[in-house]
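The report that follows describes a single protein chain, moving from its overall layout to its sheet, its core and a few loop residues. Please read it alongside the sequence and the structure shown here.

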Amino acid sequence: MVLNLKGFLNGGNRVIEINTTLDFTNEEFSGVRLFAKPTAVVGKVVNKADVTELSLVCSVVINKPCDRCGKETVKQLQIPINRILVSEISDDENVDLLLIENDELDLYEVCFSEILLALPMKHLCSNDCKGICPSCGKNLNEGDCGCVTKSVDPRLEALLKLLEAED
Ligand SMILES: [Zn+2]
Ligand SMILES: [Zn+2]
């Protein structure tokens, strides 16, 4: 969906309401389709005192395997997008600016890139997912596997925790 903003960026107090659906379900990431459903996008473009602001909320449904145990996991996320629309960029440092070329705002492109940036690094079936036993491969959320887990040196454990927090 492309919004035509001709004459909008520099005039009057005006509003364009946005209430649409963008379909990213065919987009693939290393061969995987992340989006389980089309994405509802609601918000508006408001021009006030010569500042044009885009504010949207994208309701995203992501379906992919849990990063720890591999179980297919559906997550619903509300991703806000807030940008000041400008016809030229003089301040490269300001990441809130969005350059509008030819008076056109491609909602699909904007929402898609913003959503990808906003997706959480970890996709977990639950925050306390126990993952898979490294010895036997059993999903530990379904019960203990009975493997003997060696006790880890506390100093090494601290290091492991640090590594886990990093990835
Ligand atoms: Zn899991
Ligand atoms: Zn085991």
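## Domains and overall form

The domain assignment divides the protein chain into domain 1 (2-118) and domain 2 (130-167). This is a predicted model, and in it the C-alpha centres of domain 1 and domain 2 are 39 Å apart.

Along the principal axes, the C-alpha trace spans about 70 × 35 × 25 Å. Buried residues account for 14% of the 167 residues, and of the contacts between residues at least 6 apart in sequence, 52% join residues at least 24 apart.

## Secondary structure and the sheet

The protein chain contains 2 helices and 9 strands, arranged along the sequence in the pattern β-β-β-β-β-β-β-β-β-α-α. An open sheet of 5 strands, with mixed pairing, runs in the order S2-S5-S6-S7-S8. Strand S2 (14-22) and strand S8 (97-99) each have a single partner strand and therefore stand at the edges, with one side of each left without a neighbour in the sheet. On average, and with direction ignored, neighbouring strands of this sheet are turned by 30° against each other.

In soluble globular proteins, nonpolar side chains tend to be buried together. The largest nonpolar core here has 15 residues, of which Val41, Leu54, Leu56, Cys58, Ile81, Leu85 and Cys111 touch the most other members. Strand S5 (39-48), strand S6 (51-65), strand S7 (72-86) and helix H1 (107-118) are the elements that give two or more residues to this core, and the largest share, 4 residues, comes from S6.

Cys58 shows how these contacts reach across the sequence: leaving aside residues up to four places away, Cys58 touches Thr39, Val41, Ile79, Ile81, Cys111 and Ile115.

## Loop residues

Pro38 lies in the loop between strand S4 (32-33) and S5. With 15 other C-beta atoms within 10 Å, Pro38 is partly exposed, because a residue counts as buried at 20 or more such atoms and as exposed at 12 or fewer. Not counting residues up to four places away in sequence, Pro38 touches Thr21, Leu22, Asp23 and Thr25.

Most residues other than glycine have a negative phi. Against that background, Asn102 has a positive phi near 55°, and Asp103 likewise has a positive phi, near 60°. Asn102 is found in the loop between S8 and strand S9 (104-106), and Asp103 also has its place in the loop between S8 and S9. By the cut-offs already given, Asn102 is exposed, because 10 other C-beta atoms lie within 10 Å, whereas Asp103, with 13 other C-beta atoms within 10 Å, is partly exposed.

Methods
Residues are numbered from 1 along each chain as its sequence is written. Chains are lettered from A and ligands numbered from 1 in the order in which they are written. This is a predicted model: local features need pLDDT of at least 70, side-chain atom pairs count only at pLDDT 80 or more; totals for chains, interfaces and linings use all residues. Two residues are in contact if their C-beta atoms, placed from the backbone, lie within 7 Å. A nonpolar core is a set of buried Ala, Val, Leu, Ile, Met, Phe, Trp, Tyr and Cys residues joined through C-beta atoms within 7 Å. Domain bounds come from an automatic or database domain assignment. Two strands pair if DSSP finds at least two bridges between them. Axes are lines fitted to C-alpha atoms, for helices over the stretch in contact, and angles run from 0 to 180 degrees between N-to-C directions.
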